[in-house]
Amino acid sequence: QVQLVESGGGLVQAGGSLRLSCAATGRTFNSYTMGWYRQAPGNQRELVAALTSGGSTNYADSVKGRFTISRDNAKNTVYLQMNGLKPEDTAVYYCAARGETSYNYAYWGQGTQVTVSS
């Protein structure tokens, strides 16, 4: 079992930065693929960024060049550095984890609100 707790959300002006953190429990954290999703009101949840245990990353086109996902296995924590924020980045951001051989993310955090004002 893995439990995920996000932090770091808040209100920021357009062009600003935030860093989200996701602390995970479990002794096998370093074997999981970690992802950040977001969901804005009226929209479907979408994958923002993912990071495998081997260090491979992928990003949604809308955040490439602005967001960076990283992990610290010693701290069981994954981060999402968000720069150049835009009002359209406003959403609830969720941390998620899946096993390397799994297709679906089985573990989810409770979400943290990010609001970008224009």
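Arginine 38 counts as buried, with a relative accessibility of 5%, where buried means under 20% relative accessible area, exposed means over 50% and partly exposed lies in between, all with a 1.4 Å probe and protein chains only. This residue belongs to a predicted model, in which local features need pLDDT of at least 70 and side-chain atom pairs count only at pLDDT 80 or more, while totals for chains, interfaces and linings use all residues. Residues are numbered from 1 along each chain as its sequence is written, and side-chain values use heavy atoms, with hydrogens and water left out.

The side chain of arginine 38 meets that of glutamate 46 in a salt bridge, with 2.7 Å from N to O; the term stands for a side-chain nitrogen of Lys or Arg within 4 Å of a carboxyl oxygen of Asp or Glu.

Strands, like helices, are DSSP runs numbered from the N terminus, with at least two residues (E) for a strand and at least four (H or I) for a helix. Both partners, arginine 38 and aspartate 89, are buried, and for aspartate 89 the relative accessible area is 1%.

Aspartate 89 has a further salt bridge, to the side chain of arginine 66, at 2.8 Å from N to O. Because arginine 66 lies in the loop between β6 (57–59) and β7 (67–72), and aspartate 89 in the loop between β8 and β9, the pair ties together parts that are 23 residues apart in sequence. Arginine 66, at 13% relative accessibility, counts as buried. Taken together, Arg38, Glu46, Arg66 and Asp89 are linked in a network of salt bridges, and the count for the model comes to four salt bridges.

We can now turn to the aromatic rings. Tyr37, Tyr105 and Trp108 are linked into a cluster by ring pairs; rings of Phe, Tyr and Trp (its six-membered ring) pair if their centres lie within 6.5 Å, and planes under 30 degrees apart count as stacked, over 60 as edge-to-face and the rest as tilted. The whole structure holds four aromatic pairs.
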